[in-house]
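Subject: Structure handover

Hello,

Here is the structure I promised to pass on. My notes follow below it.

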Amino acid sequence: MKINTAEFIISNSEVSKCPKDPLPEYAFIGRSNVGKSSLINMLTNHKNLAKTSSKPGKTQLINHFKINSNWFLVDLPGYGYAKVSKRTKEIFQKFITDYFEKREQLVCAFVLIDIRLEAQKIDLEFINYLGVTEVPFCIVFTKADKIGKTKIDSHISAYKKQVLANGWEEMPQHFVTSSTEALGKESILTFIDDINQQ
Ligand code: GTP
Ligand code: MG
């Protein structure tokens with residue numbers, strides 16, 4: 001799929017204030033600093049559409065971007081960032097869960113996982129939460145440029161083992177990406193396009 005237009009629409013912390021347009025939307029979620037905002041920029045060919053930072057905790061609101069005038073990409077704050085106050089964490093938590101539980105336009109969540117790391121409890125818990133909440137999701141491994149190409153398969157196999165040990169019958173659909181190398185771009189855009197065409 002070709003991205004012709006990508007425009008920022010609104011940032012907010014309340015699901016009730018998200019755009020009312022009945023357009024399909026796809027949300028990016030994962031631990032702080034995993035590369036959610038960078039992935040949105042990579043997919044849309046923009047350097048700064050979504051704000052990125054080397055410091056965790058950059059994205060603090062629900063951000064809607066309208067793509068080709070007919071679907072949305074949504075950038076969300078990260079979860080699991082230890083340095084924000086407990087109160088801030090609770091507020092984030094609340095509007096993130098509100099988003100997943102109430103946003104009817106949400107078609108699929110992309111759960112981002114840093115390919116370098118061993119499976120983290122918080123990610124496995126979040127995946128289980130999406131399962132219980134019946135939100136369709138895929139896994140997106142990020143920062144693949146940071147490990148050698150030959151190691152990608154073994155990292156994914158190790159991750160799969162953890163997902164199965166965590167109660168899943170099979171590994172969810174997954175993508176391998178690098179925002180610096182535009183790896184995984186076509187696969188994700190084709191996946192979204194196929195759903196939008198249905
Ligand atoms: P929060 O908004 O804080 O939750 O973070 P985020 O998940 O949106 O991460 P962001 O896109 O801001 O990226 C965090 C850092 O990782 C930045 O320094 C990015 O340049 C870097 N980064 C993101 N994706 C990649 C990637 O694919 N490869 C490499 N090498 N660095 C990346
Ligand atoms: Mg971000």
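**Ile139 and its surroundings**

Beyond its neighbours within four places in sequence, Ile139 is in contact with Val111, Ile113, Pro172 and His174. Contact means that the C-beta atoms of two residues, placed from the backbone, lie within 7 Å. Ile139 sits in strand β6. Strands (E, at least two residues) and helices (H or I, at least four) are DSSP runs, numbered from the N terminus. Ile139 is buried, because 22 other C-beta atoms lie within 10 Å. The burial scale runs on C-beta atoms placed from the backbone: buried is 20 or more others within 10 Å, exposed is 12 or fewer, and partly exposed is in between. Pro172 is 33 residues from Ile139 along the chain, yet their C-alpha atoms are separated by 6.7 Å.

Please keep the model's origin in mind. This is a predicted model: local features need pLDDT of at least 70, side-chain atom pairs count only at pLDDT 80 or more, and totals for chains, interfaces and linings use all residues. Residues are numbered from 1 along each chain as its sequence is written, while chains are lettered from A and ligands numbered from 1 in the order in which they are written.

**Strand β5 and the core**

The largest nonpolar core has 41 residues. Phe28, Val111 and Leu112 have the most contacts inside it. Strand β5 (residues 106-114) gives the most to this core, with 6 residues. Such a core is a set of buried Ala, Val, Leu, Ile, Met, Phe, Trp, Tyr and Cys residues joined through C-beta atoms within 7 Å. β5 is mostly covered, with 7 of its 9 residues buried.

Ile29 stands opposite Val111 of β5, and the bridge partner of Val111 in β6 is Ile139. From β5 the chain crosses through helix α3 (residues 121-133) to β6, and this β-α-β crossover is right-handed. That term means a clockwise path from the first strand over the helix to the second, with the strands pointing away from the viewer.

Val111 is in contact with Ile29, Gly30, Asp123, Phe126, Ile127, Phe137, Ile139 and Val140. Ile113 is also in strand β5. Its contacts beyond four places in sequence are Gly30, Val34, Asp123, Ile139, Phe141, Thr142 and Tyr159. Ile113 is buried, because 26 other C-beta atoms lie within 10 Å. The C-alpha atoms of Ile113 and Gly35 are separated by 8.7 Å, at 78 residues apart along the chain.

**Antiparallel strands**

Strand β3 (residues 62-67) is mostly covered: 5 of its 6 residues are buried. β3 runs antiparallel to strand β1 (residues 6-12), and 6 bridges join them. His64 in β3 is the bridge partner of Ile10. β3 also runs antiparallel to strand β4 (residues 71-75), joined by 5 bridges. There Lys66 stands opposite Phe72 of β4. The hairpin of β3 and β4 has 3 residues between the strands, and Asn68 in this hairpin takes a positive phi near 50 degrees.

Most residues other than glycine have a negative phi, and most peptide bonds are trans. Asn45 has a positive phi, near 60 degrees. Asn45 is found in the loop between α1 and β3. Phi of Lys143 is positive as well, near 60 degrees. Lys143 lies in the loop between β6 (137-142) and α4 (152-165).

Are these two residues buried or exposed? Asn45 is exposed, because 12 other C-beta atoms lie within 10 Å. Lys143 is buried, because the count within 10 Å is 22 other C-beta atoms.

**Ligand 1**

How many residues surround ligand 1? There are 23, and the closest are Gly35, Ser38, Thr52, Thr59 and Gly78. A residue is near the ligand if its C-beta atom, placed from the backbone, lies within 6 Å of it. Helix α1 (residues 36-44) gives the most to this shell, with 3 residues. By class, the shell has 3 nonpolar, 15 polar and 5 charged residues. Here Ala, Val, Leu, Ile, Met, Phe, Trp, Tyr, Cys and Pro count as nonpolar, Asp, Glu, Lys and Arg as charged, and the others, Gly among them, as polar.

Best wishes

Methods. Pairing = 2+ DSSP bridges.
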